[in-house]
Amino acid sequence: MERTKKKKRNAVIYILGGGILNGDLVVRHTRMIVLVVFLFLFYISNRYSCIIKLREIDHLQEQLKETKFEALSTSARLTGNTRPSQVEELVKRQGLGLERAKTPPYKLHK
């Protein structure tokens, strides 16, 4: 039991002391380790970029909803103001002295 503890303790000291970096396995696979670290960093940066773009998309979609609502309300207000009764009332308020035609309009033919 005491021997197992001593081996574990020596293994921890070996790892923390940097002895594992001098080992034959690490030296032989240095290129692979560097490649894995590079891919890991690339993955992190790609994920960060995607998260930023998703936030921007959400923000733009919210702006689009607000703009659509504003356009709809403006369109409704414009439609209400162009009704004949509204136009007549506006002409009366402005005091332009215009009246509705007594005779209906007719088409001219060639």
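Patches are built from residues with over 30% relative accessible area and no salt bridge; like charges are joined within 9 Å, nonpolar side chains (Val, Leu, Ile, Met, Phe, Trp, Tyr) within 5 Å. The model is predicted: local features need pLDDT of at least 70, side-chain atom pairs count only at pLDDT 80 or more, and totals for chains, interfaces and linings use all residues. Residues are numbered from 1 along each chain as its sequence is written, and side-chain values use heavy atoms, with hydrogens and water left out.

**Exercise 1. State the fold elements and the confidence in them.**

Step 1. Count elements: four helices, zero strands. Helices (H or I, at least four residues) and strands (E, at least two) are DSSP runs, numbered from the N terminus.
Step 2. Check pLDDT, the predictor's confidence in each residue, from 0 to 100. The protein averages 86, and 87% of its residues reach 70 or more.
Step 3. Compare elements. Helix α1 (residues 2-16) has the lowest mean, 70, and α3 the highest, 95.

**Exercise 2. Find which residues make the nonpolar surface patch, and classify Phe38.**

Step 1. List the members: Met32, Leu35, Val36, Phe38, Leu39 and Phe42. Their patch covers about 610 Å². Areas come from the Shrake-Rupley method with a 1.4 Å probe; for residues, only the protein chains shown count as cover.
Step 2. Classify. Buried means under 20% relative accessible area, exposed over 50%, partly exposed in between (1.4 Å probe, protein chains only). Phe38 has 52%, so Phe38 is exposed.
Step 3. Of the 110 residues, 4% count as buried.

**Exercise 3. Locate the patch of negative charge and classify Glu62.**

Step 1. Name the residues: Asp58, Glu62, Glu66 and Glu70. Asp and Glu count as negative, Lys and Arg as positive; His and the chain ends are not counted. The charge sits at NZ of Lys, CZ of Arg, CG of Asp or CD of Glu.
Step 2. Glu62 belongs to helix α3 (residues 30-81). Its relative accessibility is 42%, so Glu62 is partly exposed.

**Exercise 4. Work out what the two salt bridges connect.**

Step 1. Apply the criterion: a side-chain nitrogen of Lys or Arg within 4 Å of a carboxyl oxygen of Asp or Glu.
Step 2. Arg100 meets Glu88 at 3.2 Å, N to O. This pair links distant parts of the chain, twelve residues apart: Arg100 in the segment after α4 (84-94), Glu88 in helix α4.
Step 3. Glu89 pairs with Arg93, closest N and O atoms 3.7 Å apart. Both lie in helix α4, four residues apart, so about one helical turn separates them.
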